[in-house]
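Open the model in your viewer and keep the sequence panel beside it. The stops below say what to select and what to look for there.

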Amino acid sequence: MTITSELDLLNRQLALAQAKHTAAVACLRAAERKEDLADEKVNGIKAQIAALTIQSWGDKPDIAVLLQPRCSYVYYNYLSALASDMGLSVNGEWIDTKQTALSIAMSRHKAGAIELVASGIRLFSPYIRKAKGGWVKFGVSCHESDCAWELWYSPARGNCQLVKQVLCSAVERIELGTLELALGHIEQHLWADNTLDIEAHQVINVPALEESMAH
C-alpha cells in the first residue's frame, strides 16, 4: 500500500470516527436534557411536599426537619425567614455534625438585640446536634477578617464559650457564665456593624450642617 492510499484510508476512518463521535455527543446531550427535566419534576414535587408539610405544622414548625442540610429550597427559605425573625441567619453546614449552621451578626448598639438573639438561640438549641462536650455551635459574623469566631452554648449548664478559629484550629477561648453575657461580649467586641460609631458621627455632623445652611 502506498503512502497516498494509506492516507486516504486513514482519512476515511477519521471521518467515520468523527461522525460517530458527533452522534454520541448528541445522544449524551439529549440524555442530559432528559435528566434535567426529570430533576425539575422531582424538585417540583419535593417543593410541593415541603409547602404542604409546612402548612401542616401551623404555628409549631418542625425545626429538626428544617435544619437538615441540602433540603428543599422551600424548607431553606422558611428556615431563613424564621431565623431572621430571631436575629440569626443560615450559614452553610457544620462539618462535624452534618447539620445546617446558624450564625449571629450583631451591631455595636441595637436596642433589644441581645434578648432577641438569646431567645432565638434557645429556640433552636434543642434541635441542634451537640458537638463534643455537649456544646451547640453558632457562627459569629464579625468585623475581624483574619479569623473566624464561634459561639458554643451549653443548654444543660447555661454557660458559653467564644472560640476563635484560625485555619480550622481553636486558638483562643473566652469563657462566659451566661448566654446573655456572651452576646453582650459579641455586641461590644465582635460586632459585625459599627452602628454606634456611625450614629455618633451623624450626631456630631448635624449641627455643622445646620450652621452651614444658615449662612
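A residue is called buried under 20% relative accessible area, exposed over 50%, and partly exposed in between, with a 1.4 Å probe and protein chains only. This is a predicted model, in which local features need pLDDT of at least 70 and side-chain atom pairs count only at pLDDT 80 or more, while totals for chains, interfaces and linings use all residues. Residues are numbered from 1 along each chain as its sequence is written, and side-chain values use heavy atoms, with hydrogens and water left out.

**Stop 1: salt bridges**

A salt bridge here is a side-chain nitrogen of Lys or Arg within 4 Å of a carboxyl oxygen of Asp or Glu. By this rule there are three salt bridges.

Select R70 and E93, whose side chains form a salt bridge with N to O at 2.6 Å. The partners are 23 residues apart: E93 belongs to strand β1 (residues 88–93), and R70 to the loop between α2 (63–66) and α3. Helices (H or I, at least four residues) and strands (E, at least two) are DSSP runs, numbered from the N terminus. Is R70 buried or exposed? R70 counts as exposed because its relative accessibility is 73%, whereas E93, at 32%, is partly exposed.

Next select R122 and E180, a salt bridge with its closest N and O atoms 2.8 Å apart. R122 sits in helix α4 (residues 113–124) and E180 in helix α5 (residues 179–189), 58 residues apart. Both are partly exposed: R122 has a relative accessible area of 39%, and E180 has 35%.

**Stop 2: K137**

Select K137 with D96; their side chains meet in a salt bridge, N to O at 2.9 Å. D96 lies in the loop between β1 and β2 (100–105) and K137 in strand β3 (residues 136–141), so the pair ties together parts 41 residues apart in sequence. K137 is buried, at 10% relative accessible area; D96 is partly exposed, at 49%.

K137 lies over the face of W94, 4.5 Å from the ring centre. For this term, NZ of Lys or CZ of Arg must be within 6 Å of the ring centre and within 35 degrees of the ring normal. Select R157 and W135 as well: the charged end of R157 sits over the ring of W135, 4.7 Å from its centre.

**Stop 3: an aromatic cluster**

Select W57, Y75 and Y78, which ring pairs link into a cluster. Rings of Phe, Tyr and Trp (its six-membered ring) pair if their centres lie within 6.5 Å; planes under 30 degrees apart count as stacked, over 60 as edge-to-face and the rest as tilted. The structure holds three aromatic pairs. One of them, W57 with Y75, is stacked, at 6.0 Å centre to centre and 15° between the planes. W57 is in helix α1 and Y75 in helix α3 (residues 73–85), 18 residues apart. W57 is buried at 15% relative accessibility. The rings of W57 and Y78 have centres 6.2 Å apart and planes at 65°, so that pair is edge-to-face.

**Stop 4: strands**

Select strand β5 (residues 160–166), where six of the seven residues are buried. Strand β4 (residues 148–153) pairs with β5 in the antiparallel sense over six bridges; two strands pair if DSSP finds at least two bridges between them. Look for W152 opposite Q161 in β5. On to strand β6 (residues 169–176), which pairs with β5 in the antiparallel sense over seven bridges. Here V163 stands opposite R173 in β6.
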